[in-house]
Amino acid sequence: MPAPFINSVCGYREGRPNTSDANDKQSVELGKIFFDAMEIPSDSTSPLKVGNLMGQLMTADLKSFFQSESPQLVVQPEKPFPSFEQFSHLNVTKELGGNMAKEVVLAIAELRNFSAQHKLDEEIREGLETHLRNISHEVEQAEERRRGLLDVLGEESLLKLDITVSKEIENTVHPEISLQHLVAGFSLKWTLRTDRAQDCRSQGAKMAALRRGRMPHFATVTMEPRPSMLALLGRGSGDVDCVYHLHLPALSAAIDEYCSGTQRRARLGIRDNFRRLYDQRRIRDYDELRSYTASL
């Protein structure tokens, strides 16, 4: 089954489907057949910022679906990785000593104000000021060492996922603090380019390398119609679990039509490429995204 919000994100832009690359003849031709299979009217207008709209509608759809099927799952857009227990260690070195240094500086300022507002003995006041200067100097030196260590360690970071699905788990170390376990993460790409595909793969590889605990289900969600572009992700080395398509039945029918007729022999490789992705489950239907994630 296709994504239920599919008609809200599809339309034509300057006479071309909004899934098509204007500089790619195959993309435009296949895109029109694809839209015909979905029964998208040729006079429908593409929404502005279709990628953002796709994210909003998919988030709302998953929330609604999980509310009845898996109420323990929480769907959130663009939540930082350190919010989840498998990645809570990321960037923690940035905070080491930082808050303590600020608290010491504030305490020193308060003591100086107290000294100025009260008539202390001259010897006591001078001794207090000397002691505060020494503390300030030591705090500054400690903060410089901390910053130097951070520069050496570098920064462990990950780009935010477009949509995260998590659930609360028991915190055996600090029971009073709730922990969110990242069940699944999705990178949304309305269409694909070579550079966009590599972004997804590098993000998946970093997730696998930096996690502490179980690897979340990580997949790309797209509306890209070209099998050659889908293969950039679908035939990867496991950095991305699979590619979910918003309307796989219509795409399958469109590719069969595009690869038939007088140019059947020349386009046979395109259909075979798609069939391999489909048969190997490298590309899956949006409906499976919902049911599979609900079972995690």
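Mentor: Here's a walk through the salt bridges, pair by pair. Keep in mind that this is a predicted model, where local features need pLDDT of at least 70 and side-chain atom pairs count only at pLDDT 80 or more, while totals for chains, interfaces and linings use all residues. Residues are numbered from 1 along each chain as its sequence is written, and side-chain values use heavy atoms, with hydrogens and water left out.

Searching the whole structure turns up nine salt bridges, each one a side-chain nitrogen of Lys or Arg within 4 Å of a carboxyl oxygen of Asp or Glu. For burial, the cut-offs on relative accessible area are under 20% for buried, over 50% for exposed and in between for partly exposed (1.4 Å probe, protein chains only).

Take Glu-14 and Arg-16, whose side chains meet in a salt bridge at 3.1 Å, N to O. Glu-14 is exposed, with 68% relative accessibility, whereas Arg-16 is partly exposed at 23%.

Now try Arg-284 and Glu-288: the closest N and O atoms of this salt bridge are 4.0 Å apart. Arg-284 counts as buried because its relative accessibility is 16%, and Glu-288, at 22%, counts as partly exposed. Beyond such pairs, there's also a network: salt bridges with shared partners join Asp-24, Glu-224 and Arg-226.
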